[in-house]
Amino acid sequence: MKNWKLSAGAALIASLVATSAMAAGMTVGFSQIGSESGWRAAETSVTKQEAEKRGVDLKFADAQQKQENQIKAIRSFIAQGVDAILLAPVVATGWDQVLQEAKEAEIPVVLLDRQIDAPDSLYLTAVTSDQVHEGKVAGDWLVKEVGDKECNVVELQGTTGSSPAINRKKGFEEALAGHDNIKITRSQTGDFTRTKGKEVMESFIKAEGGGKNICALYAHNDDMAVGAIQAIKEAGLKPGTDIKVVSIDAVPDIFQAMANGEANATVELTPNMAGPAFDALEKFKADGTEPKKWIQTESKLYTQSDDPMKVYEEKKGLGY
Amino acid sequence: MLQSSPVLQARGIEKSFLGVRALDRVDLTIRAGEVHALLGENGAGKSTLIKIITGAYRRDAGDILLDGEAIDPRDVKHAQALGIGTVYQEVNLLPNLSVAENLFLGRQPRRFGLVRTGEMHRRSRELLADYGLSIDVAAPLGSFSVAIRQIIAIARAVDLSGKVLVLDEPTASLDTAEVEMLFDVIRKLKSRGLGIVFITHFLDQVFRVADTVTVLRNGRLIDSRPVAGLTRRTVISLMLGRELAEEERRAGTAAEPDASADAAFRFTGYGRRGRIAPFDLSVGRGEVVGIAGLLGSGRTETAELLFGIEPADSGTAEIDGKPAALTSPRAAIAAGFGFCPEDRKVDGIVDDLSVRENIALALQARRGWAKPLSRREQVELADRYIKALDIRTASRETPIKFLSGGNQQKALLARWLATDPKLLILDEPTRGIDVGAHAEIIRLIETLRQDGMSLVVISSELEELVVYASRVAVLSDRVHVAELTGEDVTPDGILNAIAAAHGTASVEAA
Amino acid sequence: MSARLVDALKRLAPQLIALAVILALNAAVSRGFFDIQFQNGRLYGSLIDVLNRGAPVAILSIGMTLVIATRGIDLSVGAVMAICGAVGASLIAGGYSLPATLAATIGIGLICGLWNGALVALLDIQPIIATLILMVAGRGIAQLVTEGVILTFNDASFIFIGSGAALGLPMPVLIWVALGIVVALLVRSTALGLLIEAVGVNRRASSLAGVDSRSLLLAVYATSGLCAAVAGIIAAADIKGADANNAGLWLELDAILAVVIGGTSLLGGRFSIIGSLIGAMIIQSVNTGILLSGFPPEFNLIIKAAIIVVILVVQSPASRSLWTFVRPERRREPRQVERVAR
């Protein structure tokens with residue numbers, strides 16, 4: 001009952017997972033953006049784990065945030081005659097030429113976690129999360145949690161104008177539509193950082209009668225939520241009880257907060273983009289099945305009842 | 001020599017900067033086909049005059065006539081269009097462009113909007129052939145020597161203007177052969193009827209190439225005459241001040257050199273390669289030693305060496321018989337030295353700070369940051385010197401930049417007097433100062449000497465120098481060429497020594 | 001003494017008036033802005049938030065004031081904050097004692113400052129370029145220390161520096177006030193203030209007057225590094241973690257702005273640490289006011305920019321002389337009063 005609302009994409013993944021372990025001996029090149037965040041590091045280590053699990057020979061190239069390094073890496077993969085290429089693109093444009101080269105060499109390319117501006121005939125598929133859906137999952141949880149009670153929500157947005165901030169706000173508002181008992185009373189950017197999350201939450205509490213008028217906090221990422229939890233505690237309130245906390249990303253630290261009862265729920269942006277990608281590749285290699293052009297990863301909801309300490313320990317090892 | 005008609009006349013030019021008069025009713029007449037040397041010490045007003053003629057500055061008063069017509073050059077480009085071209089010491093062309101592009105920059109021959117490179121190269125070669133240059137005009141300018149670049153700059157300036165050519169210290173960085181090459185070009189242009197203004201501080205070059213000499217001093221026209229019949233000595237005496245107001249003459253009581261005093265400061269074989277040749281100099285207690293020479297002779301370099309700004313790399317310094325290492329201004333100050341630099345605004349005053357702070361600065365620096373002069377001590381110090389030296393300021397808290405040049409100089413003297421120095425080095429202490437303050441500073445130097453202080457004073461005002469100096473070191477070409485004592489310390493004696501160093505005493509007209 | 005105090009207040013009048021106006025505006029957009037309660041052993045309220053959240057910029061502005069007074073600038077302070085936060089977090093998480101951690105972290109800050117100072121004073125590199133090196137490289141160094149993740153810790157004594165309270169005030173407030181007083185007293189009760197101003201106005205003339213301008217520049221940049229270290233410790237302790245990517249990000253610009261609002265010219269010379277601290281509080285009041293106002297975040301930067309433009313325009317010499325021109329009699333009055341008071 002935890003994943004009470006699975007999307008069609010998630011269902012597809014579930015069916016794909018069953019057909020794994022057929023890819024042994026495949027050589028796959030992986031052009032990663034770099035290691036600019038903990039999530040990125042986790043994605044790299046999960047990709048390596050998934051490859052090992054399936055007996056895939058993974059060739060890893062770190063582009064250090066530069067597109068030219070990624071193009072170079074892809075050309076080198078083509079020259080080595082790999083069976084497939086995974087690409088986490090650093091920017092959206094400028095890929096047509098090199099993808100054409102891969103296509104001519106008949107090497108399928110799978111995009112990870114970001115889309116690009118190029119004809120979709122140039123790549124096999126893209127494995128990404130749906131940011132609007134992430135916001136919706138968080139919103140749905142809150143709707144269910146508060147039921148018919150009046151609830152004033154404060155929102156910590158991501159960096160103003162960034163696509164996760166826009167999409168996660170949109171999805172959350174979609175989930176709240178039709179539930180007039182839940183209102184977003186304050187919404188301000190916390191720049192995705194702990195420091196700003198804490199500072200903005202302090203001001204929310206001051207502005208809303210010392211926090212008494214706030215029923216829940218929705219943060220566009222876990223880091224801001226972690227900062228805000230400290231602000232709530234310093235104001236003499238109990239996070240998770242007096243003010244419910246729901247956020248997105250599922251980084252290890254939020255599980256610790258959930259274990260302490262200070263956070264209520266988080267929506268996972270899975271670092272496992274490679275698993276579905278390998279699955280699609282195996283199917284394609286086996287019988288030429290063309291996957292859909294967009295494979296949506298699961299936006300899994302975690303709550304305090306999911307043994308957060310165990311998840312924390314699992315995640316801790318991934319390099320977050 | 002036949003007097004040709006004047007091509008450029010400047011009459012009664014006046015210019016002031018922030019109340020300081022840089023030019024005071026100066027006249028200048030350039031004739032067609034003459035080379036006119038413009039001479040003067042630093043701050044005499046040469047470059048201000050040139051900048052007014054070439055449109056870089058606007059004059060406050062006066063007329064400029066070109067071929068008898070009044071003109072008003074708005075900027076350098078306008079002056080060029082009128083016929084007045086300038087070449088500066090630092091050639092201001094573009095070293096990464098080709099010679100031809102530099103010559104035709106902004107006026108390239110075009111057809112249908114496209115630069116006709118071939119045509120440009122052909123015309124460049126023709127142009128340079130007139131100057132006896134046969135070089136690859138497609139090569140970048142930067143690949144040629146300074147002398148060639150200088151000539152290319154001249155070729156461009158002449159081609160653009162064609163009536164008057166101003167050369168601002170063109171020979172400063174050239175060697176002998178290159179100077180010769182440049183002079184050939186100048187003579188050629190002269191024969192083509194151009195009026196040429198030539199600024200230099202090499203006297204022998206004046207006598208070799210110039211027809212007329214105009215000398216400026218302290219913003220005033222001193223004299224303008226044909227080179228024919230002039231002696232070097234005359235030119236030098238025109239450049240270095242010889243008049244001293246009666247008031248100032250009375251200010252200094254005749255200095256009685258204390259010949260018996262042991263030399264308190266003795267510099268032996270003291271020098272620094274590339275700046276000043278090794279020299280011997282000693283200064284006794286209660287003695288003023290003068291330093292004289294033309295601009296660029298090494299006067300300021302000597303002062304900077306003594307004060308450790310450019311430390312010596314040869315010779316020894318002794319203070320009261322004990323060796324001293326003057327490796328930095330701080331070391332010199334610790335040894336009891338003080339130094340009032342020539343360029344007060346840049347090297348002397350701290351312009352935004354108050355008179356009080358400027359006076360306290362050197363003493364405070366010597367005491368170190370941890371031993372501050374209290375506000376009360378600073379006030380007492382400042383008030384004492386403002387009174388003693390009659391520094392005219394609205395208040396001791398006025399920023400020093402609002403004071404007149406003479407009062408700034410007195411405040412700088414106060415800064416050093418506050419440190420109770422044993423040796424005070426003054427570089428042109430009376431330059432750019434009004435007459436009243438002038439006399440006061442001379443009187444002050446005399447008082448300090450009588451109080452037992454040792455002083456080294458650099459001055460181009462010879463009449464003034466002989467009033468207080470018991471000995472005078474004479475410099476030429478960065479060498480100490482003579483030291484005058486006793487009876488020889490007269491303006492004439494100093495002039496003779498400088499002239500002697502510059503070769504033969506007189507030159508016959510060509 | 002009282003005359004000197006009056007002088008100081010008169011000099012700081014534009015800053016104090018600006019601060020008062022901003023605070024009044026905040027009270028207008030947010031009811032209860034001036035309310036202060038005592039809870040959990042400390043004062044609590046929006047005004048306290050201003051003092052507390054303004055701590056990093058206030059502390060940076062102390063060092064920045066001295067650097068700017070020497071006609072320099074220190075762009076690296078934000079990155080040095082990140083380095084020091086990362087070092088502090090990794091040491092305390094690695095089990096070192098609090099005194100050892102603080103000593104090492106502040107030592108790193110001093111080294112960073114001395115590096116900048118050496119480039120400026122010994123190699124004569126322009127300050128904006130010299131400190132740009134560490135600004136760019138510093139964040140990378142910090143990321144190496146944290147290995148790209150937010151390095152969290154649970155040492156209560158270290159966390160206390162960021163979110164604890166003493167004497168009823170949050171620790172960061174006590175730290176910036178104390179540091180400001182100590183540095184201001186140090187430069188004004190010794191000759192450092194005069195010598196720094198002299199070097200800033202005319203380095204060559206000061207050197208010729210015997211001022212040891214090299215040592216002075218080294219000391220000034222080292223002080224800036226030390227301030228950045230303290231700010232970095234506070235920022236890390238505040239969130240119980242070192243965030244190499246975001247700690248101190250763009251704070252160098254806020255610190256420079258605080259100094260300028262505080263009345264110190266970027267051309268060097270006369271400086272006022274108190275003025276810079278007030279400047280930092282003006283900036284933080286604007287930030288807090290925007291957060292309390294409930295405007296959509298898209299307007300944050302526009303509102304902030306507009307307010308700061310108004311402050312700088314009102315303070316500019318041109319508008320000051322315009323003011324004298326418009327109301328000459330106003331200017332005369334206080335002077336007469338002052339004469340009577342003396």
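Trainee: Which residue stands opposite B:I84 in β9(B)?

Mentor: B:V164 does. This is a predicted model, in which local features need pLDDT of at least 70, side-chain atom pairs count only at pLDDT 80 or more, and totals for chains, interfaces and linings use all residues. Side-chain values use heavy atoms, without hydrogens and water; residues are numbered from 1 along each chain as its sequence is written, and chains are lettered from A and ligands numbered from 1 in the order in which they are written.

Trainee: What makes β6(B) and β9(B) a pair?

Mentor: Two strands pair if DSSP finds at least two bridges between them. Four bridges join β6(B) to β9(B), residues 164-168, and the two run parallel. Strands here are DSSP runs (E, at least two residues), and helices are runs of H or I with at least four residues, both numbered from the N terminus.

Trainee: Which strands make up the open sheet of chain B, and in what order?

Mentor: Its six strands follow the order β6-β9-β10-β3-β11-β12, with mixed pairing. β6 (84-87) and β12 (220-226) of chain B each have a single partner strand, so they are the edges, and one side of each lacks a neighbour in the sheet. Neighbouring strands are turned by 20° against each other on average, direction ignored.

Trainee: How do you know that helix α5 of chain B packs on this sheet?

Mentor: Contact means heavy atoms within 4.5 Å. Helix α5(B), residues 146-160, touches β6 and β9 of chain B, and its direction makes about 165° with that of β6(B). Axes are lines fitted to C-alpha atoms, for helices over the stretch in contact, and angles run from 0 to 180 degrees between N-to-C directions.

Trainee: Why is C:A20 called partly exposed?

Mentor: Buried means under 20% relative accessible area, exposed over 50%, and partly exposed in between (1.4 Å probe, protein chains only). C:A20 has 46% relative accessibility, so it counts as partly exposed. C:A20 is found in helix α1 of chain C, residues 2-29.

Trainee: Why are the buried residues of α7(C) said to line one face of the helix?

Mentor: In α7(C), residues 156-163, the buried ones are C:F158, C:I159, C:I161, C:G162 and C:S163. Down the helix axis they fall within an arc of 165°, so they line one face. That arc is taken from the directions from the helix axis to the C-beta atoms.

Trainee: Where does pLDDT stay under 50 in chain A?

Mentor: Over residues 1-21. pLDDT is the predictor's confidence in each residue, from 0 to 100. The mean for chain A is 88, and 92% of its residues reach 70 or more.
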